[in-house]
Amino acid sequence: MTKSKSWLSLSGIGVFAVLLLAVAPLMLTDHWLNNLGKYCCWAIAAVGIGLAWGRGGMLVMGQGVFFALGAYSMAMHLTLETAGDRIPGFMVLYDPLAPLPMFWEPFRSATFTLLAIVLLPVIVAGILGYALFKRRVKGAYFAILTQALAVALAVLISSTIRETGGDTGLSDFKYFFGFVLNDPANKAMVYFIAAALLIVCLLAVWQLYRSRFGELLVATRDAEERVRFLGYDPANVKLVAFIVSALMASIGGALFVPIVGIITPAEIGAAASILMIAGVAFGGRASLFGPALGAMAVGWGQSSLGSTWPEGWTYILGLLFIVVVLFLPNGLSSLPARLAAARRKPDVQPTPVIVAAELEEVRS
Amino acid sequence: MTDASLVVTDLRVEFSGFVAVGGVSFDAHPGEVRFLIGPNGAGKTTCIDAITGLSKGTGSARLGEKELLGKQVHKIVRLGVGRTFQTASVFDELTVLQNLDIAAGRHRSPISLLRARRGVDPSIEQALEETGLSGELATQAGILSHGQKQWLEIAMLLVQDAKVLLLDEPVAGMSHDERTATGELLQRIAAKRIVLVVEHDMDFMRRFATRVTVLHQGKVLSQGSVAEVQADPKVQEVYLGTAGAATTAAMSVVPEPVAATKNRTED
Amino acid sequence: MDALIAPLLNGSAQGALLLLAALGLSLTFGQMGVINMAHGEFLMIGAFAAYLVQQVIKASDLSIPVALPVAFVVAGLFGLLLEVTIIRWMYRRPLDTLLVTVGVGLILQQAALQIFPSQGVPVEKPSWLDGQLNILGYAWPLRQLFTIVLAVACVAALSAWLKYTSFGRRIRATVHNRDLAETTGISTRAIDRLTFFVGSGLAGVAGVAASLIGGTNSQMGAQYIIPAFLVVAAGGIGQLKGTIIAAWAVGVALSYFAYWTTGSLAQVLAFILVIVFLQLRPQGLFTVRTRSLA
């Protein structure tokens, strides 16, 4: 990234921040503000996918796993907070006498919960990534394995009804760290947290993309073996990006819970993970804003069209994958550059230092 | 720099039963441009692959006191062994500066990796000057000419401070002038580092080699100065036996372009 | 004894079903490098084809034998259509084929959901599959044996076809060296289409077998696709032998895990098993490294 381009992106984040934190709360009803908060959660996860997939070349098809780690950590805490000293209602339903499952206990603590939201994905992604990358598992295998993990986790949660709520999930949260969730003011506060964290995540990847690490990540994506012959271990480079993306998915999941008020295996399984990918592909996986904006667009489609016209929405989603891959591999964010390139003489090279992956189709 | 030498002893590489390299020994020292030649399939590139950890080899390859065989690729690199490939492999989507910066970066702390680059490392400027790429600092590597890509690869080895440069056909596809420039560059570099070149181009070899090792069917056929190797009857025999007298002639007298074609037909 | 034999036999049948689902994948993925996520939906198409055949030929004794070739052809034609319209543009871009076929799979699922009742439709078993076979005191359902026989027949047919017919030889030649194959007069385009047709057709056959065990619904393909891919991955690219062993091992492992724990925990355990296995034997996992690193 050149300097000017880099600072332009930073001011773009600034504009985005103003829109999310100042304009949206003034313009939108409580209902839509809450919806926007939900899209922000998906966008946070998407920013991480953009880092891992767009820049790092790791097609993470199982981000639902990390989304789930954050979401269920938060949901367990909120459930316990709502239940107070008693056993959560849904557990009593299945077996009135059994005690609280062991792994729920620590989530009574707010501190532990917050730590878990941050550390669990880091640990899980760390172990998984280390195992896979050191063994040079990549490309489609990596994608399939991560997707398999999401499937497995969703199945596990579905089947452990008493421990996790099963398919009905966890819901009916009354409090959020002491705040009454029914109160619109508190709802708005949760929105602000989500929007602010989205901005923070964008800033984080902005810095990563302009850093030497960002260059190294792109280099690893394009020629992993060559990076090895420069004395780096590409596994470590990928591991860092994978862990950061997992962390972001977890944060998105954690905020999803108080905003939406329910978490179920359907929100984290294969279909949900693919939905996250769809947004990133649509927006432009290697660009800074593409993943976030794409995820928000797909999120909007999912929650509005998905409920009013579900058949049509699935077709649109399916076509989205096909059209984007066939005609716009780098998503909507590459559209301006491509249009500009088309308008210029065909033999003129596009500016060499645009977002790296935009040049992929020039090459292929 | 260092006066450590690269000493390869009884190197063997097998691919599921097929012996690609069968007990090769040679050494290379700073101050000389060492050539590894031989007909295709002689095991030249396989030797380099084994030394750099890409293929599994037995025997020994030592840089100074350190054994290289059996180590992971990136660890061998960190001991100071750098290489290029037959097809130039640079990071096409990054600029020349970014390419070199990555090559120079393995000593950097993880924290400094998270910062953006400010300015250009002196080592990078020096390497750019050495390889004549100073004007291409901001050019995207993918649109460099073929020769420039090869030079960029050599420049990357320079900034990564490789003690040993293993170059696999560095002048393939280059024009005559580019070859000359590359040869002179290699001679300059070799003053302080070990330079080992795998080449097909006999004219290039004759002009710039200090010492030559001829490989044939995975074994060392002959070793010595250019003149000694050319005079070796075994070498003549092999080349007569494989591609006819023309190649032997090519090794000594035929002008460069013809020599190159002869070698290609032999492939 | 029953506790040991039952999971082994059930697992073998489960493995056979997995093998049927994975067989076509090992062809399209292993030989052509296409990651077809819609393969599961082709399996679903085969299952619905069996249902439709039964609507015409009411006698289930006859309809299933008829359904097998029909399902093969119908699913194969869908595959051919996919190859001709989309896949052909993205050879050598495996991740793109993955994404594109995810979209195709979504569309096919939704179409099935709208055409057929959402709870799925039943496929009747022929009466000759009703019985049981007594094996060491365990009454083994004949339809499980049928799955195994079908899988063995498909493997035999596929390997014979690859080995002894000129089409099969051309496929192998194309896989080995596309450019050389072309220069020797092989139409690699035709080979690509044929391979994809056969691979997808095998999914259709698997669909018939699956419909006899679990009925049909629009989601059934999604259940099979990931396990089938894991089987191909664990078996090694393009290794028919590996695919067979891996499918059987995963099937039996799933069955024993399910016997000892629960069905869902078994899936999780099987996944971990595959990951651990790939840690120990990553061979065949990454592509052959070349000198040029190209």
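**Confidence, a chain B sheet and selected local features**

In chain C, confidence is lowest in helix α7 (residues 178-183), at a mean of 79, and highest in helix α2 (residues 39-56), at 94. Confidence here is pLDDT, the predictor's score for each residue, from 0 to 100. Helices (H or I, at least four residues) and strands (E, at least two) are DSSP runs, numbered from the N terminus. The model is predicted: local features need pLDDT of at least 70, side-chain atom pairs count only at pLDDT 80 or more, and totals for chains, interfaces and linings use all residues. Residues are numbered from 1 along each chain as its sequence is written, while chains are lettered from A and ligands numbered from 1 in the order in which they are written.

The model scores ipTM 0.86 and pTM 0.88. Chain C averages a pLDDT of 85, and 95% of the residues score at least 70. Over residues 284-294 of chain C, pLDDT stays under 50. For this stretch the model has 20 contacts beyond four places in sequence; a contact requires C-beta atoms, placed from the backbone, within 7 Å. Where pLDDT is low, the predicted coordinates should not be read in detail.

Chain B holds an open sheet of six strands in the order β6-β7-β8-β3-β9-β10, with mixed pairing. Strands count as paired if DSSP finds at least two bridges between them. β6 (81-83) and β10 of chain B stand at the edges; each has a single partner strand, so one side of each is left without a neighbour in the sheet. The twist averages 20° from one strand to the next. Helix α1 (residues 44-51) of chain B packs on the sheet and touches β3 (33-37), β6, β7 (164-168), β8 (194-198) and β9 of chain B. The direction of α1(B) makes about 145° with that of β7(B). Axes are lines fitted to C-alpha atoms, for helices over the stretch in contact, and angles run from 0 to 180 degrees between N-to-C directions.

Leu215(B) has Val220(B) as its bridge partner in β10(B). Two residues lie between the strands of this hairpin, in which Gln217(B) takes a positive phi near 50°.

Ser211(A) lies in the loop between α8 (184-210) and α9 (212-222) of chain A. With 18 other C-beta atoms within 10 Å, Ser211(A) is partly exposed. Residues up to four places away in sequence aside, Ser211(A) touches Leu113(B), Leu114(B), Arg115(B) and Ala116(B).

Terms used: A residue is buried if 20 or more other C-beta atoms lie within 10 Å of its own, exposed if 12 or fewer, and partly exposed in between; C-beta atoms are placed from the backbone. Two residues are in contact if their C-beta atoms, placed from the backbone, lie within 7 Å.
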